[in-house]
Amino acid sequence: MKTNPSTFVKLLLIGCLSVVCVAEDFDFFYFVQQWPGSYCDTKQSCCYPTTGKPAADFGIHGLWPNKKDGSYPSNCDPNNPFDQSEISDLRSSMQKEWPTLACPSGNGIAFWTHEWEKHGTCSESFIDQHGYFAAALNLKKKINLLQALESAGIQPNGDSYTLQNIKGAVKDATGFTPFIECNVDESGNSQLYQVYLCVDTSGSDLIECPVFPHGKCGAQIEFPTF
């Protein structure tokens with residue numbers, strides 16, 4: 001039986017749409033860690049997870065595929081939803097290192113679902129669901145931000161520090177230039193909120209950031225307690 005060439009092309013396109021084309025191109029990841037004291041010290045406030053108050057340490061926010069032109073893919077594969085069974089061996093580590101602070105209190109599943117479905121699905125061409133979360137946890141082990149800052153005399157005690165000193169402390173410890181994101185507390189003061197470092201597409205090695213996000217901090221940045 002002969003196959004019409006146009007029919008064959010259509011079948012190829014359908015196959016592409018269902019399997020291959022969901023994998024978006026990207027150039028690098030942002031590995032983003034957040035300071036819980038700054039998340040909570042806002043008008044919005046926070047809620048501790050059902051497992052209890054997290055440690056006074058930076059927690060993972062996400063591992064986000066990005067492009068060198070500053071754009072980023074998102075929600076790339078609705079056919080590959082978050083599956084708890086895929087990360088069952090990682091769950092205790094994720095509760096510790098990737099805690100949710102959103103209200104109402106949760107066990108982390110909604111947070112991790114959002115991160116996988118919005119960002120993780122766009123890295124499917126390089127790492128699967130288990131590999132995605134494992135990569136973030138491994139990066140967290142390698143990058144001890146709190147230790148880097150405290151070693152430079154930058155303490156989470158409510159004092160203020162310069163952006164230059166904060167960036168310098170992270171670069172001295174990691175070898176790479178970070179992007180620092182600030183938010184504002186209830187009084188409108190700029191405070192250290194998130195630290196971005198860039199990672200290659202394998203999700204394993206730090207690289208210099210090809211481009212930084214938009215945003216700026218005040219001249220003096222508070223580092224609040226938690």
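On a 1 Å grid laid over the protein atoms alone, a pocket is an open set of points with protein on both sides within 12 Å along at least five of seven lines, whereas a cavity is a set of points where a 1.4 Å probe fits but cannot get out, and lining residues are those with an atom within 4 Å of a point. Grid points are joined across faces, edges and corners, and a volume is the space filled by probe spheres set on the points. The structure is a predicted model, in which local features need pLDDT of at least 70 and side-chain atom pairs count only at pLDDT 80 or more, while totals for chains, interfaces and linings use all residues. Residues are numbered from 1 along each chain as its sequence is written, and side-chain values use heavy atoms, with hydrogens and water left out.

The largest pocket holds about 240 Å³ of space. Its lining is made up of Tyr30, Trp64, Pro65, Asn66, Gly70, Tyr72, Lys118, His119, Val211, Phe212, Pro213 and His214, and strand 2 supplies the largest share of that lining, with three residues. Helices (H or I, at least four residues) and strands (E, at least two) are here DSSP runs, numbered from the N terminus. By class, where Ala, Val, Leu, Ile, Met, Phe, Trp, Tyr, Cys and Pro count as nonpolar, Asp, Glu, Lys and Arg as charged, and the others, Gly among them, as polar, the lining of the largest pocket divides into seven nonpolar, four polar and one charged residue.

The second largest pocket has a volume of about 190 Å³ and is lined by 15 residues, of which Tyr39, Thr100, Leu101, Ala102 and Phe111 lie nearest its centre. Here helix 4 gives the most to the lining, with three residues, and the classes come to 10 nonpolar, five polar and no charged residues.

His61 has its place in strand 2 and is buried, with a relative accessible area of 17%, where buried means under 20% relative accessible area, exposed over 50%, and partly exposed in between (1.4 Å probe, protein chains only). Not counting residues up to four places away in sequence, His61 touches Val32, Gln33, Gln34, Trp98, Phe111, Glu115 and Gln194, contact being heavy atoms within 4.5 Å. Glu115, placed in helix 4, counts as buried at 1% relative accessibility. Leaving aside neighbours within four places in sequence, Glu115 is in contact with His61, Gly62, Trp64, Trp98, Gly120 and Tyr132.

Tyr132, one of those contacts of Glu115, is also among the buried residues of helix 5. The 14 residues of helix 5 (residues 129–142) should span 20 Å at 1.5 Å a residue, and its end C-alpha atoms are 21 Å apart, which agrees; the expected span of a helix is taken as 1.5 Å times one less than its number of residues. Helix 5 is mostly covered, since 10 of its 14 residues are buried, and what covers these buried residues includes strand 1 (28–34), strand 2, helix 3, helix 4 and strand 5 (190–199).

The backbone deserves a separate look. Most residues other than glycine have a negative phi, and most peptide bonds are trans. The peptide bond from Cys103 to Pro104, however, is cis, with omega near -5°, and Pro104 lies in the loop between helix 3 (91–97) and helix 4 (109–118). Ser45, in the loop between helix 2 (36–40) and strand 2 (59–66), has a positive phi of about 65° although it is not a glycine, and is partly exposed, with a relative accessible area of 34%. Asn75, found in the loop between strand 2 and helix 3, has a positive phi near 50° and counts as exposed at 51% relative accessibility.
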